[in-house]
Amino acid sequence: MLHITALSQQLPQTGNPIHTVNPLNIKQQDFKKGSLTVFCGSMCSGKSEELIRQVGRFILAGFEVLVFKPSIDNRKILDLELDPLHYIPSRTGSWVNCIPVTSVQDIYETALTSSAHIIAIDEVMFFSSEKDALLSLITSLVKSNKKVLVAGLDLDFRAEPFGIIPELLAYADKVIKLTAICNVCGDDTFCLTQRLVNGQPAHYNDPLIMVGSTEYEPRCRKCHIIKKD
Ligand SMILES: [Zn+2]
């Protein structure tokens, strides 16, 4: 199980300078070029786990890292004593500390004034309502020689491209598409995100983002159902 403390837990409250755990006490120089990497796929495809793994690689190599997630994502997936707002969990047990943010402006104010080499954002599709602002911010960060890592659902529960993700895929230096295993038939070639409301497939006209009495599971194309009646 991989536990990575990327940031002091006090940071979101105090705004103190960023501190990363760097056991080898290496101080890396700035990158000569920035880049954007996108980790995408359905739910349970390992997007957050891959983001955590990549962040961990850079921390161990002595790079400064900033990790953000939208504060709407406060799911308690792991049995940790930490406030779930302040870490990104993976379903296989790894996690990394993060800064919860409510808007792109929050990321902007912290990231552009930071000396961090790596800027990571999980569940990036939740910033789709601020598409232009986020694309502008990411462009600025990449031009400032930062490595930007983002993770998110590429398709929504309707099996349609999710908000800002198509633009991010188009502008990315590198795209890593991950797949889950269908919860119904076990197919492991391609998965969508099935939304269930009271155990039944959701209706096409349901809101794109729903918090509350909904459940999600990965399903292949054949098993994925959207009600349209
Ligand atoms: Zn299936």
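Mentor: Let us begin with burial: a residue counts as buried when its relative accessible area is under 20%. Please keep in mind that this is a predicted model. Cysteine 223 has a relative accessibility of 15% and therefore counts as buried. Cysteine 182, at 4%, is buried because its value also falls under that limit of 20%.

Trainee: Which atoms coordinate the zinc ion?

Mentor: The SG atoms of Cys182, Cys185, Cys220 and Cys223 coordinate the zinc ion, at 2.3 to 2.4 Å. Along the chain, these donors follow the spacing C-x2-C-x34-C-x2-C. Cysteine 182 belongs to the loop between strand 9 (174–178) and strand 10, whereas cysteine 223 sits in the segment after strand 12, so this pair ties together parts that are 41 residues apart in sequence.

Trainee: Why is the arrangement around the zinc ion tetrahedral?

Mentor: The ideal angle for four tetrahedral donors is 109.5 degrees. Four donors count as tetrahedral if all angles lie between 85 and 135 degrees. Here the 4 donor atoms subtend angles of 102 to 117°, which makes the arrangement tetrahedral.

Trainee: In what order do the 3 strands of the open sheet lie?

Mentor: The order is 11-10-12, with antiparallel pairing. Strand 11 (200–201) and strand 12 (214–219) are the edge strands, each pairing on one side only. Strand 10, residues 192–197, pairs with strand 12 over 6 bridges in the antiparallel sense. Glutamine 194, for instance, has glutamate 217 in strand 12 as its bridge partner.

Trainee: Which residues of helix 3 are buried?

Mentor: In helix 3 (residues 104–111), the buried residues are Val104, Ile107 and Ala111. They lie on the same side of the helix because they cover an arc of only 60° around its axis. Their cover includes strand 3 (65–70), strand 6 (99–101), strand 7 (118–121) and helix 4 (131–143).

Trainee: Is glutamine 29 buried or exposed?

Mentor: A residue counts as exposed when its relative accessible area is over 50%. Glutamine 29 has 66% and is therefore exposed. This residue lies in the loop between helix 1 (11–14) and strand 2 (35–41).

Trainee: Which residues is glutamine 29 in contact with, leaving aside its neighbours within four places in sequence?

Mentor: Glutamine 29 is in contact with Phe63 and His117, once those neighbours are set aside.

Technical notes: Residues numbered from 1 in each chain as written. Predicted model: local features only at pLDDT ≥ 70, side-chain atom pairs only at ≥ 80, totals over all residues. Heavy atoms only, no water. Pairing = 2+ DSSP bridges. Helix = DSSP H or I, 4+ residues; strand = E, 2+ residues; numbered from the N terminus. Buried < 20%, exposed > 50% of the residue type's maximum accessible area, 1.4 Å probe, protein only. Arc of directions from axis to C-beta. Contact = heavy atoms within 4.5 Å. Donors = N, O, S within 2.8 Å, 3.2 Å for Na, K, Ca; no water. Tetrahedral: all angles 85-135°; square planar, octahedral: opposite > 155°, others 65-115°.
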